[in-house]
Amino acid sequence: MDAEMEFSCEVKKQILDEEIFCSPEASVLLASYAVQAKYGDYDPNFHKPGFLAQDELLPKRVLMQYQMTADMWEEKITAWYAEHRGIARDEAEMDYLKIAQDLEMYGVSYFAIQNKRDTDLLLGVDAQGLHIYSPNSKLNPNKSFPWSGIRNISYSEKEFTIKPLDKKKDVFKFYSSQLRVNKLILQLCIGNHDLFMRRRKVDSIEVQQMKSQAKEEKARKKVERQILAREKQMREEAERAKEEMERRLFQLQDEARLANEALLRSEETADLLAEKAQIAEEEAKLLAHKAADAEQERQRLEVTAMKTKEEKRLMEQKMREAEQLAVKLVEQSERRSKEADHLKQDLTEAKDAERRAKQKLLEITKTTYPLIAAYSAPPAPPEAGDSSACDSASMRHDFKDSDMKRLSMEIERERLEYMEKSKHLQDQLKELKTEIESLKLEEQQQQASLYSLRSEARGYVPEPLYIPHSNRNSAYMSQMAFFEEV
């Protein structure tokens, strides 16, 4: 067993040191078997990412050939490693060696030689025979001599001779620089040839017995491994079942706890619902009482609505009457304004007539003053020739007296007429002022009544009575101006 381990380690070392050429795919597969032989079956709970960071598993040439990180290589190796589950460690070692012996450079010993032309060559000795390689290519031999086709191998100092079994073929000779190397080559050739001949011979009884024992031992170990694997699998299944039962137990405990909490909450909810039901009953009674009150209120509102309709009709009638009254008041105001204008015009004409009368009186006074002075002097005795003059003077005097009387009567008459007109105008002004005050009072009362009717109508807002502002202002201003002037 130790020899097998040493041999396996030697093969691994040759592969990692690139003494044995290995493709990247074969390198990853061999690395997965090496990990199986070292760590056993793959366990994702134990073999976490990075557990192969300290292991040297791939040749440097393979690592440099591809632009991949160490984690990526570990992922690929772990993927193959997980598929080897159930393989024993010694079997993994044997599988490693079986794959390694199929490599082109496995088991080949290379020696530097020269031919007759002093050309540098390589001699490879393995279990299959002798191979001649170029110094730059150790994979593909230029010429091969299988052990079954070699009749004799001999050397004389530095010269080595290979005689083929077929006499028609030429004898191949090569030269080695060292005698010790020639001896080593000869020993390797003799040993590999003996092994080749043994493989071709029928095994002896002892060897057959040993092989059968080894086969039985191998079968027994295989059965033991199967039993062990089955027991391991059963143990793992039991552990999984145990874990599942524990998980189920914890789950049931959680469900029971939640059920108890839900039961407590349901009881609390039931109590709360009972309280809410009681409150709902009380609210229902209260709502029924409110519904009865609302029905009474509705009936009262219906009666009120009927009254309101009647009041609305009366209010509309009153509004129409108020509008008609307002129109009449506006018409009366305009009529009074016109009368005031006429009175103002009559007053102006009276003033002009008075002024003319005064002016006429002054003129008559100036004209008649010398005559009055003359008539007031003592009369001279009339002469005889002056009889006609006396007659004319008496006639002028009579004329002047009559004019004065007539003028005085006209003045008195005009004064009386002026006084009457003034009194009449004053009466009209007083009456107009009284009517204006009464109109203002009526308008205020109408606005108050309209406001009270609106407040009683509950939402009914009639349009306000519109009286042209310009008409009211113009009539009022004209009347006040006339009153102030008078």
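This is a predicted model: local features need pLDDT of at least 70, side-chain atom pairs count only at pLDDT 80 or more; totals for chains, interfaces and linings use all residues.
Trainee: Is cysteine 189 called buried or exposed, and what makes it so?

Mentor: Its relative accessible area is 3%. Buried means under 20%, so cysteine 189 is buried.

Trainee: What is cysteine 9 called on that scale, and why?

Mentor: Cysteine 9 has a relative accessible area of 45%. Exposed would need over 50% and buried under 20%, so cysteine 9 is partly exposed.

Trainee: Why is histidine 47 called buried, and where does it lie?

Mentor: The relative accessible area of histidine 47 is 5%, and the limit for buried is under 20%, so the term applies. Histidine 47 lies in the loop between α2 and α3 (60-65). Leaving out residues up to four places away in sequence, it touches Tyr39, Asp41, Tyr42 and Tyr81.

Trainee: How do you know that the span of helix α2 agrees with its number of residues?

Mentor: Helix α2 covers residues 24-39, 16 residues in all, and at 1.5 Å a residue it should span 22 Å. Its end C-alpha atoms are 22 Å apart, so the two values agree. Glycine 40 follows α2, with a positive phi near 80°.

Trainee: What makes α2 mostly covered?

Mentor: Of its 16 residues, 12 are buried. Among them are Pro24, Val28, Leu30, Tyr33 and Gln36.

Trainee: What puts the buried residues of α5 on the same side of the helix?

Mentor: Those residues are Ala92, Glu93, Tyr96, Leu97 and Ala100. They cover an arc of only 140° around the axis, which puts them on the same side of α5. As for span, the 13 residues of α5 (residues 89-101) should reach 18 Å, and the end C-alpha atoms are 19 Å apart, which agrees.

Trainee: Which residues touch the most other members of the largest nonpolar core?

Mentor: Leu123, Leu130, Trp147 and Ile153, out of 20 residues. Elements that give two or more residues to this core include β1 (109-114), β2 (120-125) and β3 (129-133). The most comes from α6, with five residues.

Trainee: What is leucine 123 in contact with, beyond its neighbours within four places in sequence?

Mentor: Its contacts include Phe111, Ile113, Leu130, Ile132, Phe174 and Ile185. A second, separate core has 15 residues, including Ile15, Cys22, Ala26 and Leu103.

Conventions:
Residues are numbered from 1 along each chain as its sequence is written. Side-chain values use heavy atoms; hydrogens and water are left out. Helices (H or I, at least four residues) and strands (E, at least two) are DSSP runs, numbered from the N terminus. The expected span of a helix is 1.5 Å times one less than its number of residues. Buried means under 20% relative accessible area, exposed over 50%, partly exposed in between (1.4 Å probe, protein chains only). The arc is that of the directions from the helix axis to the C-beta atoms. A nonpolar core is a set of buried Ala, Val, Leu, Ile, Met, Phe, Trp, Tyr and Cys residues joined through side-chain atoms within 4.5 Å. Contact means heavy atoms within 4.5 Å.
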